[in-house]
Amino acid sequence: MERRIISRPGNAAATQRREVAGIIDGEGQYCARVAAGGPLVFFGTTAVDAGGELTGDALVEPPYHLSPAAHAVHQGHAIFRELAAGLEAVGSGLEHILQVEQFTPAKAYADGYITTRGGYLAQARPTTALAATGPLLPEDAVVCTTGTAVRPGAGIEKEITELPKGEEGGGIDWSQLGQDYAGSPPYNDVVVAGPYVFVTGDVTLDPATGEVDPAARVPDFIWAGSEARNEADVLLARLGERMEQVGGSLDDVVHVTLMVTDITDIFEIDRAWKRAFGDAPPARTLIPVRGLGVPRREGTGMGHRDDAVKMEQQVRGLIPGRGADREVITTGTGRLAHEAEAVRAGELMWMSHQYARAAAGTGAEHEVDEIFARLDELTTAAGGGLAGIVQLRVFVTDLAAGRAVHAKVRECFDGDPPVVTVTTVPGPLLIPGAELFVDAVALAG
């Protein structure tokens, strides 16, 4: 399997510190747009200015203010202009982006954003996942973009792994979607940077038919079978193949973002995870969403008879023999479901979704305090401490809980906050009464 080298290594000594750029301070928000940690850079933002308000150039004038696509296009331009400046400030750039994950209130915003993103990430495109979730912070934002880039001075390279012909871009003929998709697919399937491997968001789609993959489909004529369990089995089998193609295996998976249209499927999903990962699962963030890219239409309660998938997963892992080890971080508190509490990969640690364990009726501020105590416990166990956090992704059932997280960040970080993004998701959450959960990436000691 061929790899195209995109960025070449520089001086590693200059990149062994935590560095932030693009501070946002206002409208109940306090965070950085970009934070570098060791060899990687983490970013996340909506189309806001430094004061936390929607940027002027993201506003849409009549008559196009009626169009969801117009808002997505304007905000997409603003997001990538700000990201370009923030990445440059820490010695990286848009061309060094390895992976993006995006959240939007509705599917109607997706195409306008994707086509705009393509203009900024025209070559050596990253892996990607996109889901419809709910309102963002600020409330008039329609896209939240998060992700990871390589820091060229860190001594590692960005490489595009070439898949066998016909498998690129998920095997989809993207040209059938119109002139804007006539070139290369809008993402790459596998991107590597030194010891790290990033695998794109995958769903159980049969690209030849546009329907649910027959390997996952559950027939509708009998009550036996689980759509969620079948999809999880197929996605994990595909992931195993991708990891093998770069010299690894499922044992080398570090963190999985798993977006699900029905959070009650977690039990069936974990039956598949236990078979695939045994007693050493990776870290995981399970995100309830309103909709995924398959099918195009909005709707709730859809399944295989509607050609609707139930989940999408995007992955970060390690390639053995490239100078970074995988270490499961355990504090004794115990994991929530079948995922590791956290996994250290080289200089960085990815943490699973973090909840307040006794959330019912306690209020968002109490949940935030308990979650941050948990983050402190995990980062201390890895030898870094809370000050090493570079990225916090916050998922809430009400935006007020997101502002409570920003207030806690202001309390804990003086002048150098991490990246913080807030996304509303549909409830219920995994802990009864919970209003929010958080995942994080931090520098390890």
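This is a predicted model: local features need pLDDT of at least 70, side-chain atom pairs count only at pLDDT 80 or more; totals for chains, interfaces and linings use all residues.
Trainee: Which residue in the turn between E3 and E4 has a positive phi?

Mentor: The two strands form a hairpin with 2 residues between them. One turn residue has a positive phi of about 60 degrees: Gly-38.

Trainee: How many bridges pair E2 with E3?

Mentor: Strand E2 (residues 18-26) runs antiparallel to E3. Within this pairing, Ile-23 stands opposite Ala-32. Their hairpin has 2 residues between the strands, and Glu-27 takes a positive phi near 55 degrees. The number of bridges between E2 and E3 is 8.

Trainee: How many residues of E3 are buried?

Mentor: Buried means under 20% relative accessible area, exposed over 50%, and partly exposed in between (1.4 Å probe, protein chains only). By that count E3 (residues 29-37) is largely enclosed by the rest of the structure, because its buried residues number 9 of the 9.

Trainee: Which residues does Pro-417 touch, not counting those up to four places away in sequence?

Mentor: Pro-417 lies in the loop between helix H6 (399-412) and strand E20 (419-424). Its relative accessible area is 0%, so Pro-417 is buried. Contact means heavy atoms within 4.5 Å. The residues touched are Arg-18, Val-20, Ile-23, Tyr-30, Cys-31, Ala-32 and Val-409.

Trainee: At what angle do H5 and H6 pack?

Mentor: Axes are lines fitted to C-alpha atoms, for helices over the stretch in contact, and angles run from 0 to 180 degrees between N-to-C directions. The axes of H5 and H6 are 9 Å apart, and their packing angle is about 45 degrees.

Trainee: Is H5 parallel or oblique to H6?

Mentor: Angles under 35 degrees count as roughly parallel, over 145 as roughly antiparallel, 65 to 115 as roughly perpendicular and the rest as oblique. H5 and H6 pack at about 45 degrees. That makes H5, relative to H6, oblique.

Trainee: How do the residues of the contact of H5 with H6 divide?

Mentor: Ala-364, Glu-365, Val-368, Asp-369 and Phe-372 in H5 meet Ala-401, Ala-404, Val-405, Lys-408, Val-409 and Cys-412 in H6. Ala, Val, Leu, Ile, Met, Phe, Trp, Tyr, Cys and Pro count as nonpolar, Asp, Glu, Lys and Arg as charged, and the others, Gly among them, as polar. The contact divides into 8 nonpolar, no polar and 3 charged.

Trainee: What is the handedness of the crossing of H3 and H4?

Mentor: The axes of helix H3 (residues 227-245) and helix H4 (residues 266-277) come within 7 Å and cross at roughly 30 degrees. That makes H3 roughly parallel to H4. A crossing is left-handed if the near helix is turned anticlockwise from the far one by less than a right angle, and right-handed if clockwise. The crossing of H3 and H4 is right-handed.

Trainee: Is Leu-378 buried or exposed?

Mentor: Leu-378 is found in helix H5 (residues 364-381). Beyond its neighbours within four places in sequence, Leu-378 is in contact with residues including Ile-329, Met-349 and Met-351. Its relative accessibility is 0%, so Leu-378 counts as buried.

Trainee: Which residue in E9 is the bridge partner of Glu-159?

Mentor: Strand E8 (residues 158-161) and strand E9 (residues 190-193) run antiparallel, joined by 3 bridges. Lys-158 and Ile-160 point one way from E8, Glu-159 and Thr-161 the other way, and all are buried. The partner of Glu-159 in E9 is Val-192.

Trainee: What is the relative accessible area of Asp-307?

Mentor: Asp-307 lies in the loop between strand E14 (283-288) and strand E15 (311-318). Its phi is positive, about 55 degrees, although Asp-307 is not a glycine. Asp-307 is partly exposed because its relative accessible area is 25%.

Trainee: What is the omega of the peptide bond that joins Leu-137 and Pro-138?

Mentor: Pro-138 is found in the loop between E6 and E7. The bond is cis, with omega about 0 degrees.

Conventions
Residues are numbered from 1 along each chain as its sequence is written. Side-chain values use heavy atoms; hydrogens and water are left out. Helices (H or I, at least four residues) and strands (E, at least two) are DSSP runs, numbered from the N terminus. Two strands pair if DSSP finds at least two bridges between them.
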